[in-house]
Amino acid sequence: MFLRNCWYVAAWDYEIASEGLMTRTILGDPVLIYRLASGALTAIADRCCHRQAPLSRGRREGDDIRCMYHGLKFDPTGRCIEIPGQESIPPAARVRSYPIEQRHSWIWVWMGDPEKADTALIPPAAGLDAPEWLMKSGHMDYQANYELINDNLCDFSHLAYVHEKTFGAGDDQFATTRPKISTLPRGIRVERWTVNPPSQEYDRRRPPSADMYLRYDYLAPGILLMYSAQLPAGSAQRADFGEPRDEPHHANFTSQAVTPTSETASRYFFCWGPRSSEALATPQLVDDMFSLAGRAFEEDRKMIEAQQRNLLLSLDDPPLFISHDRGPSLMRQVLRKLIEEERGSRTPSPATA
Amino acid sequence: MFLRNCWYVAAWDYEIASEGLMTRTILGDPVLIYRLASGALTAIADRCCHRQAPLSRGRREGDDIRCMYHGLKFDPTGRCIEIPGQESIPPAARVRSYPIEQRHSWIWVWMGDPEKADTALIPPAAGLDAPEWLMKSGHMDYQANYELINDNLCDFSHLAYVHEKTFGAGDDQFATTRPKISTLPRGIRVERWTVNPPSQEYDRRRPPSADMYLRYDYLAPGILLMYSAQLPAGSAQRADFGEPRDEPHHANFTSQAVTPTSETASRYFFCWGPRSSEALATPQLVDDMFSLAGRAFEEDRKMIEAQQRNLLLSLDDPPLFISHDRGPSLMRQVLRKLIEEERGSRTPSPATA
Amino acid sequence: MFLRNCWYVAAWDYEIASEGLMTRTILGDPVLIYRLASGALTAIADRCCHRQAPLSRGRREGDDIRCMYHGLKFDPTGRCIEIPGQESIPPAARVRSYPIEQRHSWIWVWMGDPEKADTALIPPAAGLDAPEWLMKSGHMDYQANYELINDNLCDFSHLAYVHEKTFGAGDDQFATTRPKISTLPRGIRVERWTVNPPSQEYDRRRPPSADMYLRYDYLAPGILLMYSAQLPAGSAQRADFGEPRDEPHHANFTSQAVTPTSETASRYFFCWGPRSSEALATPQLVDDMFSLAGRAFEEDRKMIEAQQRNLLLSLDDPPLFISHDRGPSLMRQVLRKLIEEERGSRTPSPATA
């Protein structure tokens, strides 16, 4: 079950060269993405309206695409502009066009009703081009439903277990204390402190003791925008475990996106990096952070794919709800409500209208 | 959906040695094919009537086959003639027998009602044994429904695109002009000229200018019998784009057959070669032609398998019909009508009776 | 369709080390098996009740298991004893526990109602620890339904065909004569003689002539316990083809077990060996026997997996019943009756109550 009226990350912008044709399966739809001579992007169905051959096996002719099965030619809006061997082109001769935007280093595609595509709904991610951050980026394919990955990202208690030796660094505060969670119109906000946690392995300059503050928005359909900061020891107390009042020694930001390929496969995009203004923000640090993240994300992938395999077996009993499920549950409710609204089974609430 | 009352190509005759047992899945049925001591062929279900073990894992005992699971023995008509450990053999102890014929270098198997098997329905293919042609042969497996391959072979407009660099040789006449198409009782006939097309890569002796004439019958369930000729420049005009009146410089023939393995897999058999009487009909030429064909058929396979994958995804809209679809559409109608007649939902028309 | 209220072989006892966690899929259920500090075994569902992550990816903490996704901790009975981040543990927080027993070198798991688990139902197998026999053991995975393997083991007529060159040793008595078959409360008993059969390849000391006696119980769900003896020539006659009266030259025993992994996959466990008291019971002999068995079991596997593939295709006709099917048919009836009783559709007969 997918929300269609929203922006999905299809790729990193650097994946789409000025030449060439990229095909990506998103929500089960084959989508062709390419750049026009102007540099602008276009996304149309990767499936000729004649006999469903993939247009990505076709030929670019200027800004147009010729299907290399029987030669039908399409303009960048998906309109068929030539049918070899016949003069007239029926109005139905077109393939679906998808609104597409390049922003925050990501290529965003709107998979639903084009009339409703609203660029204001593109989440305010920070990408490789964000001057404030020194980012490194990557992606990973999952053999798992996207909501299992959303669940994972909406509850960091797993850091103490899945990431015991990476992000968790041996600390159990993520499991023993609870974050503050609030709902947003299209997502949830998570805020938490950890008091004097062990150092992350990349963090060689940390003072002997420090507090960590972390705040992220998780937005439909599956975008994580997280700010983390290391602050002087005592900061958590001084801020009464709310908004930090002290100046951080170090801060970093990560943007992450989960895009369903199908009901049982997903692609996960991520970038992460320190403030570019920090003295310690060297390429070496960024590499060290990214190396840690790569191992940690692989830990997630192994666990979630194993969970998916278990879920495909029959289940006797309903899953147990625990207190740390509040984040994932709220996020599932937000998504469910948006899907119901989209399908017309529920009147939009003012907050999401 | 398959037509059963018709002859399917199961193999090249040279694939079935005098010894040995061959198994082929045709229309989803496992079929065992072997030669008797007399050289005659037999085809029976490759599935013992006792516990469904494959008889192709069995042992030949003269002209009989012993299932090597529990020892039941079958004669070449599929009748069980021995059940170890018991005297009497129930009349139901038999496996299905399929009418089989060897003709035009192909092994033909009738997959439907044996009572209706009529060798007059075997299409007049030219094989390796045709004295008029110097043929080379091969086969290829497709992960695609057989009708997608039929469609491809009933519309050569794709030569200008799929085979742009092989059979198409950079010419777009196959796409820009239309062939003459007529229906036959069990297929369609396609005829066309191309005026002074570029040379095919194997054709080093072609005069600076020449016309090409091509005529083929495409017969149910999926047999292509095509004659091509290269004629003096102006021949097309002189023949008023009908039956050639001039003598060809060069002519060749190809027999091709598409046999469904299952609903989503097929085997494709083909041979091609020049007139044996021509001075240029050297083994080198035949090899050159075949090398070209091999690359071209691979181009088809890649496109059609990609089309099949797209077709397995859900579709919003009906496919667009274009003028070049006339051949594939007529052929699909012919096949649909034969299948309906076979299933009794339609009275045979006099033409197909 | 599985019988659940019975003991299934999950593993050889040596497969389960004192440390470590073993996961096995049995009847489609993921089962986690491990040893407590006391050496005792425990088996619980390999699926956390929270989000279905496999506990086999978890961490042992003494005799308990912590799920390494969100940190829930379970005791060896499957009861959840810790949920990080919350005080109270709901009573529903538990995973299923399976009765488990170690006996005859096998680990037995009861897959049904734990209340009904009765160790008296564990078949009296002889394992590596049986003082009377010098055993060697192994296992093999099948891509086939377990009942196809049961069928195979309940009818040795296949020795003359499948094992023509191994166990059958060129003898057809297994096919031409019939065993004595009787029913047991939870299985069948098969007894038979072969008169002066050829030597088995491992049997270099056999007298020029000898008779073979064989008796086995095949017990639900799929346990074979077989005694074979080689006796002086004439013994069959002297015993009137009943219970042997002479002293064997040589005797051996095999315990075998078929455990369904899913409806189309199974694991097959086996051990085999001579009487330890025999002069010829050397490690070399055991190796020679096991080498023969390994090749023979591979012959079975190839045939049964091919049979399974044929069975997955659609069938026109019901399978033929032959006289050698008596054993497999009786065993299928026994199993069907037990399954029906378990499901409450039939009142237990006094014999099986």
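Reader: How many aromatic pairs are there over all chains?

Author: The count is 54 aromatic pairs over all chains. The rule takes rings of Phe, Tyr and Trp (its six-membered ring) whose centres lie within 6.5 Å; planes under 30 degrees apart are stacked, over 60 edge-to-face, and the rest tilted. This is a predicted model, in which local features need pLDDT of at least 70 and side-chain atom pairs count only at pLDDT 80 or more, while totals for chains, interfaces and linings use all residues. Residues are numbered from 1 along each chain as its sequence is written, chains are lettered from A and ligands numbered from 1 in the order in which they are written, and side-chain values use heavy atoms, without hydrogens and water.

Reader: What makes the pair of Tyr142(C) and Tyr268(C) edge-to-face?

Author: The ring centres of Tyr142(C) and Tyr268(C) are 6.0 Å apart, with 80 degrees between the planes. The limits are within 6.5 Å for a pair and over 60 degrees for edge-to-face, so the name applies. Tyr142(C) lies in strand β12 (residues 136–142) and Tyr268(C) in strand β18 (residues 265–274) of chain C, so the pair ties together parts 126 residues apart in sequence. Strands here are DSSP runs of E, at least two residues, numbered from the N terminus.

Reader: Why is the pair of Tyr268(C) and Phe270(C) called tilted?

Author: Its centres are 5.3 Å apart and its planes 55 degrees apart.

Reader: Why does Tyr268(C) count as buried?

Author: Buried means under 20% relative accessible area (1.4 Å probe, protein chains only). Tyr268(C) has 2% relative accessibility and so counts as buried; Phe270(C), at 7%, is buried as well.

Reader: How do you know that Asp211(C) has no salt bridge?

Author: A salt bridge needs a side-chain nitrogen of Lys or Arg within 4 Å of a carboxyl oxygen of Asp or Glu. For the buried Asp211(C), the nearest side chain of opposite charge, Arg238(C), is 6.4 Å away. The side chain of Asp211(C) does reach the backbone nitrogen of Asn196(C) at 3.0 Å and that of Gly234(C) at 3.1 Å.

Reader: Why are chains C and A said to be related as by a three-fold rotation axis?

Author: A rotation of 120 degrees with 0.1 Å of shift along its axis superposes chain C on chain A, with an RMSD of 0.0 Å. The two copies are therefore related as by a three-fold rotation axis. The superposition is by least squares on the C-alpha atoms of residues with pLDDT of at least 70 in both copies.

Notes. Helix = DSSP H or I, 4+ residues; strand = E, 2+ residues; numbered from the N terminus. Buried < 20%, exposed > 50% of the residue type's maximum accessible area, 1.4 Å probe, protein only. Lys, Arg positive; Asp, Glu negative; His and termini not counted. Polar contact = N/O pair within 3.5 Å; in protein donor to acceptor, adjacent residues only side chain to side chain.
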